[in-house]
Amino acid sequence: MKGKLPMMAIFAVPTALAALSLVGLVSALTGDGLRDAISWATLAMPLAAVFWAMRARRS
């Protein structure tokens, strides 16, 4: 096995996706208009990450 990855490198992306999801959910629950747009944008990021990972895995 190659050298171990630091904990920050392993959990950086999942932590960022969790934070974006939390911001999106709170934004969706607290207002309309711009907050709805923010919630759509932030809640789409985990889906975008899944599609990116699936595409990267195929190539």
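How do the axes of helix H1 (residues 7-30) and H2 cross, and within what distance do they come? Open the structure and find out.

**Before you start**

This is a predicted model, where local features need pLDDT of at least 70, side-chain atom pairs count only at pLDDT 80 or more, and totals for chains, interfaces and linings use all residues. Residues are numbered from 1 along each chain as its sequence is written, and side-chain values use heavy atoms, with hydrogens and water left out.

**Stop 1: the helix pair**

Select residues 7-30 for H1. Then select residues 34-58 for H2. Helices are DSSP runs (H or I, at least four residues), numbered from the N terminus. The two axes come within 8 Å and cross at roughly 150°. Axes here are lines fitted to C-alpha atoms over the stretch in contact, and angles run from 0 to 180 degrees between N-to-C directions. H1 is therefore roughly antiparallel to H2, a label for angles over 145 degrees. The crossing of H1 and H2 is left-handed: the near helix is turned anticlockwise from the far one by less than a right angle.

**Stop 2: the contact**

Contact means heavy atoms within 4.5 Å. On H1, pick residues including Leu17, Leu20, Gly24 and Ala28. On H2, pick residues including Ile38, Ser39, Leu43 and Ala49. The residues of this contact divide into 10 nonpolar, six polar and two charged. Asp, Glu, Lys and Arg count as charged; Ala, Val, Leu, Ile, Met, Phe, Trp, Tyr, Cys and Pro as nonpolar; the others, Gly among them, as polar.

**Stop 3: serine 39**

Is serine 39 buried or exposed? At 5% relative accessibility, serine 39 counts as buried. Buried means under 20% relative accessible area, exposed over 50%, partly exposed in between (1.4 Å probe, protein chains only). Leaving out residues up to four places away in sequence, serine 39 touches Gly24, Ser27 and Ala28.

**Stop 4: aspartate 36**

Stay on H2 for aspartate 36. Aspartate 36 is partly exposed, at 29% relative accessible area. Beyond its neighbours within four places in sequence, aspartate 36 contacts Ala28 and Gly31. Leucine 25 is 11 residues from aspartate 36 along the chain, and their C-alpha atoms are separated by 9.6 Å.

**Stop 5: alanine 19**

Now jump to H1 and select alanine 19. Alanine 19 is partly exposed, with a relative accessible area of 41%. Methionine 8 is 11 residues from alanine 19 in sequence and 15 Å away, C-alpha to C-alpha.

**Last stop: residues 38-54**

UniProt's unreviewed entry places a "transmembrane region" here. Such annotations may be inferred rather than shown by experiment. The stretch 38-54 is 100% helix and 0% strand, with end C-alpha atoms 25 Å apart.

Notes
Helix = DSSP H or I, 4+ residues; strand = E, 2+ residues; numbered from the N terminus. Parallel < 35°, antiparallel > 145°, perpendicular 65-115°, else oblique.
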